[in-house]
Amino acid sequence: MMIPTHQKGKNKAQDFDDLDPVITYRHILQTNLGIKDPLRVVALCDSDAFYAACEMVRLGVTDKPLVVLQWEGIIAVNYPARKFGISRFHKLKDAKERCPELMIVHVATYKEGDAEPGYWDNVDSRTHKVSLDYYRRESSKVFSMFKEGLPDAEIEKASIDEAFIDFTKPVRQALLQRYPYLSQIPADAPNGVDTPLPPPPLIDWGTDSHLIPIYSNADSESTDEETSQSAPLTWHDIALRLAAEMMHKVRVDIATQLGYTTSAGIARNKFLAKLCASYRKPYSQTILRNQAIPCYLKPLEFQKIRFLGGKLGQALAKEYDVSTVADLLPVPLEEFQAKFGESAIWVYEILRGIDRSEVKEKSPVNKSMLAAKALQKPITKIDDGPHWIRVLAAELSLRLNDARKERPNLWPKTLALHAGHGYGTARSKQAPFPFTKEVTVNVIAAAGGKLWKELVGNVTGTIKVTYISLGFTGIEATDASQQSIASFLDSPAVTGVKRPNEEKNGKPSKSRHRNTQRVRSRPSSPSADQNTTSFTCLECHKTLSLSPKLLSTSDVLGQAYALAAMKDEHSDFHFAESVAREMEPEVKEVRGPHKKVKTPKIQEKEIGPRGIEKFFNRT
């Protein structure tokens, strides 16, 4: 786990002293809108009971109590069922007693022989595998609507059911459009571009958002909404209101077009936005004004804050015998850093609502895909492995084909198989995954089956596998014009199969013609001293040669192209080896007086985590 971003040094934050920064014309006119921008606005939008909502949409259910099962455990509860007091921690029997009319849906599962997951009356963890593909697809639809509805915003998909949205840029554009006088520095401005903006106009907070109160009920006799709306306005409040209008529109569109309700929190950074997103769920959005941050944070149990709920939170609670944010505010920064290291400035700042992390859009290309199964009934016979290989291959086939619908040029470098027992040492095999025009279950299962034979082929006696996974690694978006090596070969005798780009009448297609021209830009006649029958790898120093049969049936140019294919395949082999080293710790042999012992290979002077880092798991 990565430790949250922070700043070291003497950049100290006092107790909520940055809630009303001076905003100047320079701020409103600048184009570099970073995390220090005083008009920054970030939202976290979270789908309400997403798995349950997906099943409600699929079944056409609107207001019936419903839970989603994974084997015997409840993993999602819709809001009508929550009215009966049902939660994910209840046993199914207890949930039925609380609500006899409860609808029960088991997640889709894969079984051998089916290319698509299905919903079955009887599911068995010994033969079926859970599928979350339907939820991934629906999540992609929601995320696409964020992108379409907010084209100028920075959007970061945080999980399958939530996304961070940085509204700073579109809000800045809306500010200048709605209040055009801000774009002109007055002639009598005393400090020019650094002159503070004039007081903001009155605004209508509307009814689409809840306002978190600025004062606690003990401090005021007014209602929460009254105290929130009566506080003096700032230009950051205007920015929050503009973002709320945009967020509300997208949320309504998602509910109308897809049937999913969402809840959002809108504040000045990611931490606060996520914290207030669940303030009034479901189907709501909440605004946290800067002035309301102290009132909202102080009574909060600090162990409920992300990254403070584990070992670090326990250490803080034990060290100071406290439980709330307000209890920790008197602790000086120097004391935090003396006890927990320089990085403890992050703790000091997060308690005051300061979060310097950016909203970053993630790459649409996942570098890996993994289908895994913890086996209730272990594999004890070698012949039982292919059953689960086919089940896992079905999930990989579906996910890769779904990804290729949006990006047809995606392709994985490697297919990897892992098998192990409990938490013991897992064994693995991997190999380059060859390009095929159509990715089917049979293609992946055949490649996975070959890895299985290599993995357990030399095992004598019984085996016991309780965990098995099949995955793609090195998924990349290749050049759209790139074709398989077969399209480059002029002689059918070289490949022994029909060229994939050749039409039935034997004439090359336009795409093949382009590819042929690209290859022929290289020297068509190798020189006399250029070896076209073998090559020596500079990495492993092995010499590989073309087969005698191919040499006797192809011309010099065909041999050159076939040799190029062999080089590419050998390069992929070394790539697979590098993936294996990343997946498994490298081992070295230590020779003792009587036997060899394999131990993990580590650096001679390995330094463990220090300061605040020791409270986080390293993955």
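**Reading the terms in a predicted model**

Modeller: Opposite A419 you will find R427, a residue of β15. You are looking at a predicted model, where local features need pLDDT of at least 70, side-chain atom pairs count only at pLDDT 80 or more, and totals for chains, interfaces and linings use all residues. Residues are numbered from 1 along each chain as its sequence is written, and side-chain values use heavy atoms, leaving out hydrogens and water.

Biologist: What makes β14 and β15 paired strands?

Modeller: Two strands (DSSP runs of E, at least two residues, numbered from the N terminus) pair if DSSP finds at least two bridges between them. Six bridges join β14 (residues 414-420) to β15, so this pair meets the rule. The two strands run antiparallel.

Biologist: Which order do the four strands of the open sheet take?

Modeller: The order is β12-β16-β14-β15, with antiparallel pairing.

Biologist: Why are β12 and β15 said to stand at the edges?

Modeller: Each has a single partner strand, so one side of β12 (368-379) and one side of β15 (427-432) have no neighbour in the sheet. On average, neighbouring strands here are turned by 10° against each other, direction ignored.

Biologist: Which strands does helix α15 touch?

Modeller: Helix α15 (residues 385-406) packs on the sheet, touching β12, β14 and β16 (465-473). Contact means heavy atoms within 4.5 Å, and a helix is a DSSP run of H or I with at least four residues. The direction of α15 makes about 155° with that of β12; such angles run from 0 to 180 degrees between N-to-C directions, using lines fitted to C-alpha atoms, for helices over the stretch in contact. Helix α16 (residues 441-456) also packs on the sheet, and its direction makes about 50° with that of β14.

Biologist: Why is W71 called partly exposed?

Modeller: Buried means under 20% relative accessible area, exposed over 50%, and partly exposed in between (1.4 Å probe, protein chains only). W71 has 22%, so it falls in between. W71 sits in the loop between β2 (66-70) and β3 (73-77) and has a positive phi of about 60° although it is not a glycine.

Biologist: What makes F307 partly exposed?

Modeller: Its relative accessibility is 21%, so F307 belongs to the in-between class too. Phi of F307 is near 75°, a positive value in a residue other than glycine.

Biologist: Which residues of helix α6 are buried?

Modeller: In α6 (residues 168-178), the buried ones include T168, P170 and V171. Among the elements covering them are α1 (25-29) and β8 (162-166).
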